[in-house]
Amino acid sequence: MTMPERRTRALRPGRRFDLRSTAMFFGLLAAALVTGGLAVRALAGAAQRRPVWAVVLLCLVLAVAVARGRRRRRPSAARIARQAGRALARGTSTALDALDTPPPAPLTVPAQAGPRDEVTSPLPVAQGIDHEALTPDEFEAATAELCARDGCTRVEVVGGAGDLGADVTALTPDGRRLVVQCKRYGEDNKVGSQDLQRFGGTCFTVHEADVAVVVTTGEFTVPALEYAERCGIVCVDGEGLLAWSQGRAAAPWAAVPSEGPA
């Protein structure tokens, strides 16, 4: 009895182990890892400053990966390492260029003509202005205008969170440092001694005021006035503010001698 001859498939010859190619692959892989670490570090800084660049670079890398994946031929390990090294080098160069590129200059609005230290405000200093109708920010701006009108320089509105009681700072015409706190209160709300104590604890020691002034649209309590007198703080109530704005009263710093508070 004869057995039919079974055909066997010819085996493909296996690839021989190439020590040189393997060493080159691992060497390029190590270089790629080092370059990748530097690229990731550079890209992290670039992503914080220029997130758009980071997104564009990521899309570019994904597009290259997809395009490479669609190719039918299988590249060798050495070719993959070389291509990865070139891609990482290009990414690192792009990230470093993005870090070296200065950010765009902010948009600036031309300043209006006038003295350098003059404070400009949409609220004109006019006789009979209703300060109680102003918002707190507008009241601070109006007070700063009065200071600038009467000859103060370097007038700044600094009120806000963390101002430590200083809403307006300036230099008086005779060069003394002026610190003003603005209290826009109604008729039923008076400035108390606690308000003066908080301001008194910072106006001279923190803000280094030569002249400290508290301006309000309302009134001061008697204890507040007594504390202000002891500490050398000038108090301007609603009537005094109106007289000051109309030019019927001298500026508040005129009440303090040039040598400063007692």
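Reader: Which residues does Ala142 touch, not counting residues up to four places away in sequence?
Author: Keep in mind that we're looking at a predicted model. Ala142 sits in helix 4, and its C-alpha atom is 8.3 Å from that of His131, eleven residues apart along the chain. Leaving out residues up to four places away in sequence, Ala142 touches His131 and Leu134.

Reader: Does Ala142 count as buried or exposed?
Author: The cut-off for buried is under 20% relative accessible area. Ala142 comes in at 6% relative accessibility, so it counts as buried.

Reader: Are helix 4 and helix 7 parallel, perpendicular or oblique to each other?
Author: The axes of helix 4 (residues 136–149) and helix 7 (residues 238–245) come within 11 Å and cross at roughly 50 degrees. Roughly parallel needs an angle under 35 degrees, and roughly perpendicular takes 65 to 115. Helix 4 and helix 7 are therefore oblique.

Reader: What residue classes make up the contact of helix 4 with helix 7?
Author: On the helix 4 side you've got Phe139, Thr143, Leu146, Cys147 and Arg149, meeting Leu241, Trp244 and Ser245 in helix 7. Sorted by class, that contact has five nonpolar, two polar and one charged residues.

Reader: Which are the edge strands of the open sheet?
Author: The open sheet has five strands in the order 1-2-3-4-5, with mixed pairing. An edge strand here pairs on one side only, and that picks out strand 1 (153–157) and strand 5 (233–236).

Reader: At about what angle does helix 7 run to strand 4?
Author: Strand 4 (residues 211–216) runs parallel to strand 3 (residues 177–183), joined by six bridges. Helix 7 lies across strand 4 and strand 5, and its angle to strand 4 is about 105 degrees.

Technical notes:
Residues numbered from 1 in each chain as written. Predicted model: local features only at pLDDT ≥ 70, side-chain atom pairs only at ≥ 80, totals over all residues. Heavy atoms only, no water. Axes fitted to C-alpha atoms, helices over the stretch in contact; angles between N-to-C directions. Helix = DSSP H or I, 4+ residues; strand = E, 2+ residues; numbered from the N terminus. Parallel < 35°, antiparallel > 145°, perpendicular 65-115°, else oblique. Contact = heavy atoms within 4.5 Å. Nonpolar A, V, L, I, M, F, W, Y, C, P; charged D, E, K, R; others polar. Buried < 20%, exposed > 50% of the residue type's maximum accessible area, 1.4 Å probe, protein only. Pairing = 2+ DSSP bridges.
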